[in-house]
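Try each task before reading its solution.

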Amino acid sequence: MGTIALTAGIDQLRPLTCSDLSNCPQPSTPQMMVLFSGLVLLAVGAGGIRACNIAFGADQFDTSTEKGKAQLASFFDWWYLSFTLALLVALTVVVYIQTNISWFIGFIVPTALLLLSIFIFVVGRHFYIYMKPQGSVFVDMVKVLNAACRKKSVILETSGDCSIYDPHSTTRTERFMFLDRAAIIVDPSELNDDGKPKNGWRLCSVQQVEQLKCLLAVFPVWVAGIITFISMDQQNIFGILQAIQTNKSLGRKFKMPAGWMGLMSMIALSSWIFIYEGIYMPLAGKLRKKAVRLTMQQRIKIGIIMAILCMLVAGLVERKRRDSALKNGSYESPTSVAILVPQFVLSGLIEAFGAVAIMEFLTIRMPESMRTVAGAVFFLSLSFASYLSSIIVNVIHALTGRNGKSAWLGGHDLNKNRLDYYYFIILGLEVINLVYFHFFASRYVTSVDASSVSSDVELENSKKAVKFKFAEDEEKGL
């Protein structure tokens, strides 16, 4: 962020001011290298932080106690709320500074906030719970696949009589049992004198096998999440384009910027999380002595239903907006931009229910050693939804534009497109997704709340309890 701020503040790092729009000075190669280096560093930093801060935050709760379980259950909502509020400030205050005061100051503000966050993180380092690194889980997964393929001719003993390498006494599951071959000791010579595998690519532990099983088990829900996020992604693209071609006047003097429509989703998301965690849960806890949380399965299903409603409303609104614009013979529809608010609110509720629940599901259904993987998988699902949306748009554009016909999408004027048809296609996809999740993927979602932490694999719970005890003793001694 600091590098990008320097490109805005140092004249030598950016092209000369453009006086003639038809012949603007082009940036030099060194200037482009500095800019791209800043963007690369920003991408690498964001990739590391987003994947790890969810896992690191979840590690701070002692799930062996009722208090820790309750705190972890709320953590995901509050984390997503803080993430959304940060975006809200970035898209309003920071953007205002950049466009109306100075680009340099606009970049210095987030840079200063990043430095402040580093300072706060370092100050609190003595109070954190640190999980001991256990190596790369991806390497272990490749080892399991390699060992299972090498032993594909080995017959699995369902009675449990076969010799299994299980130094951690890990609970075995009965899913994807073909992978269990990787942990079968075919020959005693596979172990050394210390009882450890001589070749980790031929013999793996049950813990390594179960880690791979965990990743495979979340795949059906992950796919449902990707399809759900497609609807959410539409408002960031086509929803803004709709706002551009509507009457943005609210009252006599105020004209709402089209880009501000995205704030409606964030406000809806933040409002729901605050009402749910800040009002409903404490009030329900007092009245019923034990607050009943919506299960992950319920929230994911509600998120999919919100996606269906979002596309239905967006399609009907676009049809009304387009018809009024054509009837008026104008590029901008006389329909007020306020008519777009419901679809943006529904988009925010998709995140509030579906995205938060899927993030929670991925985190607590994987063993503690794979929580950073869970965070990466979650943000990867958001990226895949965007890519898949682009593919759908390109396919529809190609199919509907055949034989010289006007394509539904792709033009610069929505009045000449059929965006409503596109919304209804996504609506159909979300309906299929609801059926898929209800009858298939939902079976992979635990029907209980976050108190069922931490997946199907019992990994080193005693060690974590010791770590919490050590942290408490250290805090008392400070």
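Axes here are lines fitted to C-alpha atoms, for helices over the stretch in contact, and angles run from 0 to 180 degrees between N-to-C directions. Keep in mind that this is a predicted model.

**Exercise 1. Describe how helix α2 packs with helix α3.**

Step 1: Two packed helices are described by the angle between their axes and the distance between the axes.
Step 2: For α2 (residues 29-59) and α3 (residues 66-100), the angle is about 145° and the axes lie 10 Å apart.
Step 3: The handedness of this α2 and α3 crossing is right-handed.
Step 4: On the α2 side, the contact is made by Arg50, Asn53, Ile54, Gly57 and Ala58, while α3 supplies Leu72, Phe75, Phe76, Trp79 and Phe83.
Step 5: Sorted by class, that contact has seven nonpolar residues, two polar ones and one charged one.

**Exercise 2. Which residues of the largest nonpolar core touch the most other members?**

Step 1: In soluble globular proteins, nonpolar side chains tend to be buried together.
Step 2: The largest nonpolar core has 75 residues, and those touching the most other members are Phe76, Tyr80, Ile300, Leu362, Phe378 and Tyr422.
Step 3: Helix α10 (residues 341-365) gives the most to this core, namely 13 residues.
Step 4: Take Phe378 as a case: leaving aside residues up to four places away in sequence, Phe378 touches Tyr80, Phe229, Ala355, Ile358, Met359 and Leu362.
Step 5: There is also a second, separate core of eight residues, among them Ala243, Met261, Val337 and Leu340.

**Exercise 3. Is Phe176 buried, partly exposed or exposed?**

Step 1: Find Phe176 in the loop between α5 (137-150) and α6 (206-217).
Step 2: Its backbone deserves a look: Phe176 is not a glycine, yet its phi is positive, about 45°.
Step 3: Buried means under 20% relative accessible area and exposed means over 50%.
Step 4: Phe176 has 26% relative accessibility, so Phe176 counts as partly exposed.

**Exercise 4. Check the span of helix α9 against its number of residues.**

Step 1: The expected span is 1.5 Å times one less than the number of residues.
Step 2: Helix α9 (residues 296-328) has 33 residues, so α9 should span 48 Å.
Step 3: The end C-alpha atoms of α9 are 47 Å apart, which agrees.

**Exercise 5. Summarise the whole protein.**

Step 1: The protein has 13 helices and two strands.
Step 2: Of its 478 residues, 42% count as buried.
Step 3: Among contacts between residues at least 6 apart in sequence, 77% join residues at least 24 apart.

Key. Residues numbered from 1 in each chain as written. Predicted model: local features only at pLDDT ≥ 70, side-chain atom pairs only at ≥ 80, totals over all residues. Heavy atoms only, no water. Helix = DSSP H or I, 4+ residues; strand = E, 2+ residues; numbered from the N terminus. Left-handed = near helix turned anticlockwise from the far one by under 90°. Contact = heavy atoms within 4.5 Å. Nonpolar A, V, L, I, M, F, W, Y, C, P; charged D, E, K, R; others polar. Core = buried A, V, L, I, M, F, W, Y, C linked by side-chain atoms within 4.5 Å. Buried < 20%, exposed > 50% of the residue type's maximum accessible area, 1.4 Å probe, protein only.
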